[in-house]
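Here's a quick briefing to read alongside the model. Have the viewer open and follow along by topic.

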Amino acid sequence: MTGTARSEQTDSEAAKPALGIGMVGYAFMGAAHSQGWRTVGHVFDLPVRPRLAAICGRDAGAVRAAADRHGWAAAETDWRALVARDDVQLVDVCTPGDSHAEIAVAALEAGKHVLCEKPLANTVEEAEAMAEAAERAAARGQIAMVGFNYRRVPAIAYARRLIAAGRLGALRHVRVSYLQDWLVDPAFPLTWRLQKQHAGSGALGDLGAHAVDLAQYLAGEQLAGVSALSETFVRERPVLSGASSGLSGAGTTERGQVTVDDAVVFTGRLTGGALAVFEATRMASGRKNALRLEINGELGSLAFDLERLNELSFHDQTEPADLAGFRRILVTEPGHPYLEAWWPPGHALGYEHTFAHQARDLLTSIAEGTPPHPTFADGLQVQRVLAAVEESAAKNAAYTPVAG
Ligand code: SOE
């Protein structure tokens, strides 16, 4: 490249087009997404420069504090005003599931790109409306992505690369467990995540959605049908006052009904013939965020644990038996997905980096006009699996096909 080109490159770096981000929601996912938007432009060489234009929440004081804390230029208390802003080209939906459809569809129809947290919606009907709106918007050059961020753990992305390259051969088993324990204490209050009208479902939609998306993404196949059991072990909990719980009642000793699952277990058959086993629970005492998976193929196996997210275990079935066995791959080499932008080998990444990777991939899709992954159609497919799981569990594990 000539000197002039290099100096132009420097000028063009400075003149990179900005893309205004508007975020709705500022709790855990709002904070995690903010970290991704703040970081991504300082780590990856991007075609556009993300600008944290505005963040939205119902409580004026709290959202102002969130804007200051997370680096947003403005604060809004009405998501409709945020969607209408001329300095917002991408709306990032980080609210509870009961508002995903309304906000995402309005943003798409207002000409914005959209990133929507998982699961896509609380019902299949909502997810269908969102996927249809995204398809109409795609014809106008708009991009819509679902925030299944674990696809962007380098070890997971590398596992997908190995499977797609045939390193496991024909798949026989896909096994995914997502284990947390934050509901073991019966004194944990009745928050919005435990109310069906806000969350849609419990561990199934919150954790099971990740498990289903990863199984389908890694295998490159879809679930054709499931057999499921679910349970709500603690059926009533103390009621909190205020908006945080989505419930009324100021600091009373009132107790309310839990209307979602604490845990779900299900089996399934992938369209390529592999058998799949899943569990998603908030009752696995001692497991904090243990998303564990193992995939067995005719030529080898892969295993992963989110609590050790820089490592991928690989067994090569074609190696001589006295040499074979699971070996630990430390996924921190520059040739591993996303790692070229970070630190030297062995300097590990964390949970938060998945949000910078998600932001990079979305901004790249927007700049290049290429479909992102996962799309809203992928999110709808997961929603259909969740609905089949709920239908099967209601029929005491009767095998239930996934609608297509
Ligand atoms: C549940 O506690 C939760 O925050 C999920 O909602 C997220 O999707 C998962 O990444 C971490 O755990």
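Does Glu102 count as buried, partly exposed or exposed? At 46% relative accessibility, Glu102 counts as partly exposed, where buried means under 20% relative accessible area, exposed means over 50%, and partly exposed is in between (1.4 Å probe, protein chains only).

Before going on, some ground rules: this is a predicted model, where local features need pLDDT of at least 70, side-chain atom pairs count only at pLDDT 80 or more, and totals for chains, interfaces and linings use all residues. Residues are numbered from 1 along each chain as its sequence is written, and side-chain values use heavy atoms, with hydrogens and water left out.

**Salt bridges between helices**

- The structure holds 28 salt bridges, each one a side-chain nitrogen of Lys or Arg within 4 Å of a carboxyl oxygen of Asp or Glu.
- Glu102 forms one of them with Arg80, and the closest N and O atoms are 3.3 Å apart.
- Arg80 sits in helix 4 (residues 79-84) and Glu102 in helix 5 (residues 100-109), so this pair ties together parts that are 22 residues apart in sequence.
- Helices here are DSSP runs of H or I with at least four residues, strands are runs of E with at least two, and both are numbered from the N terminus.
- Glu109 pairs with Arg136 in another salt bridge, with the closest N and O atoms 3.3 Å apart.
- That pair links distant parts of the chain, with Glu109 in helix 5 and Arg136 in helix 6 (residues 124-138), 27 residues apart.
- Glu109 is exposed at a relative accessible area of 51%, while Arg136 is partly exposed at 44%.

**Other salt bridges**

- Asp361 and Arg360 meet through their side chains in a salt bridge (3.0 Å, N to O).
- Asp361 counts as buried, at 13% relative accessibility.
- A network of salt bridges links Arg51, Glu76, Arg85 and Asp87.

- On the domain 1 side, 11 residues are in contact with 15 residues of domain 2, contact meaning heavy atoms within 4.5 Å.
- Together the domains bury about 1100 Å², with 62% of it on carbon and sulfur atoms.
- Phe44, Lys118 and Phe148 supply 40% of the area that domain 1 buries against domain 2, more than any other three residues.
- Buried area here is the accessible area (1.4 Å probe) that two parts lose on being put together, summed over both.
- The rule finds one salt bridge across the interface of domain 1 and domain 2.
- Lys118 also has a salt bridge with Asp206, side chain to side chain (3.0 Å, N to O).
- Three residue pairs are in polar contact between domain 1 and domain 2, both residues at pLDDT 80 or more.
- A polar contact is a pair of N or O atoms within 3.5 Å; within protein, one must be able to donate a hydrogen and the other to accept it, and residues adjacent in sequence count only if both atoms are side-chain atoms.

- Nine strands form an open sheet with mixed pairing, in the order 16-15-14-13-7-12-11-8-17.
- Strand 16 (327-330) and strand 17 (400-401) stand at the edges with a single partner strand each, so one side of each is left without a neighbour in the sheet.
- Two strands pair if DSSP finds at least two bridges between them.
- Strand 8 (residues 223-231) pairs with strand 17 in the antiparallel sense over two bridges, and Val226 has Thr400 of strand 17 as its bridge partner.

**A closer look at strand 14**

- Strand 14 (residues 300-305) is mostly covered, with six of its six residues buried.
- In a regular strand the side chains alternate between the two faces of the sheet.
- Gly300, Leu302 and Phe304 point one way from strand 14, and Ser301, Ala303 and Asp305 the other way.
- Strand 14 runs antiparallel to strand 13 (residues 290-297) over five bridges, and a hairpin of two residues joins them.
- Strand 14 and strand 15 (residues 311-316) are also antiparallel, joined by four bridges, and form a hairpin with five residues between them.
- Ala303 stands opposite Glu294 and also opposite Ser313 in strand 15.
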